[in-house]
Amino acid sequence: MHSGVHIARHSGRLFSRPIRARLAKQGLRHRIHDAIILMLATALIGIGVWNILEADPGKRVAFTAVVAPEAVISGDSSTLSIGYTNNSRQTLKDVTLTLKYPPFFHLVEVEDETFEPQTNTLPIGDLAPGANGLVKIRGVMFGDVGGAQTFRSTLGYRWKEDRTGAQERSYTFSPATSALEITTQLPDQLVSGQRIAGDVLLRNTGPFTFPEAAIHAVFPDGFRLSETSLRQRYDETWIVPSLEP
């Protein structure tokens, strides 16, 4: 024991010598300075401990999102699976998951009997520490190829007795191809001044009806359009009201 205390005293000199030298300084200004530093350090430690104890446990809920098939096709069916896990040490009460879809998204089914389609809300209930769940959303994405399709989900919850919180997540996907095919039938060889006729063909290869299709034409210089079977709109586009599968 005597040797251990001696070794500890010898090792502690690295810290004891500066402290002893500091205390040996004369003057009220140094002592006030030390007291202020000590109070600030104590306050910072107290704030840190308070933040740890009072931190919102809902912020530690982890989200995952997987879309199938991986290559999203505009106008075809796809399934978005949203997973959530409570990684905090507290139970979240009255948990709800609210979904928000991108424009032109057609919802087919949410694979949960408790889903409320009027509010797009899924009541989860209590979520214990380590508990997890999975929500599958099946629908049809209509959108530009290469454009952004963004889903949003908001997790609302209550913790302790009077504390509430919410966490929002967004998931962005991009259609790789489209179920709407367009082909043209025009003469291979042209003569200047010749009248030509051709067809623009649209075909819906997907399982769902396209609510509307617009054809935008860009004509070469010197070309004059004389007649079309479908009336052009004011912005020089043709509108097909709907396309069945």
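In this predicted model, the largest nonpolar core comprises 26 residues, and those with the most contacts inside it are Phe63, Tyr101, Ile137, Phe151 and Phe173. Eight strands each supply at least two residues of this core: S1 (61-68), S3 (77-86), S4 (92-100), S5 (105-110), S6 (121-127), S7 (132-141), S8 (149-159) and S9 (163-173). A second, separate core is made up of seven residues, among them Phe142, Ala179, Phe210 and Ala213.

Leaving aside neighbours within four places in sequence, Phe173 is in contact with Val67, Val72, Leu80, Met141, Gly147, Ala148, Gln149 and Phe151. Of these partners, Phe151 also belongs to the group with the most contacts inside the largest core.

Strands S11 (180-185), S12 (199-204), S13 (213-216) and S14 (237-240) each supply at least two lining residues, with the largest share, three residues, coming from S12.

The second largest pocket has a volume of about 580 Å³. It is lined by 21 residues, of which Gly143, Asp144, Leu180, Phe210 and Glu212 are the closest to its centre. Here S11 and S13 are the elements that give two or more residues to the lining, and S13 provides the largest share, four residues. Twelve nonpolar, six polar and three charged residues make up this second lining. Phe210, one of the residues closest to the centre of this pocket, is also a member of the second core.

Conventions. Residues are numbered from 1 along each chain as its sequence is written. This is a predicted model: local features need pLDDT of at least 70, side-chain atom pairs count only at pLDDT 80 or more; totals for chains, interfaces and linings use all residues. Side-chain values use heavy atoms; hydrogens and water are left out. A nonpolar core is a set of buried Ala, Val, Leu, Ile, Met, Phe, Trp, Tyr and Cys residues joined through side-chain atoms within 4.5 Å. Buried means under 20% relative accessible area, exposed over 50%, partly exposed in between (1.4 Å probe, protein chains only). Contact means heavy atoms within 4.5 Å. On a 1 Å grid over the protein atoms alone, a cavity is a set of points where a 1.4 Å probe fits but cannot get out, and a pocket is an open set with protein on both sides within 12 Å along at least five of seven lines; lining residues have an atom within 4 Å of a point. Grid points are joined across faces, edges and corners, and a volume is the space filled by probe spheres set on the points. Ala, Val, Leu, Ile, Met, Phe, Trp, Tyr, Cys and Pro count as nonpolar, Asp, Glu, Lys and Arg as charged, and the others, Gly among them, as polar.
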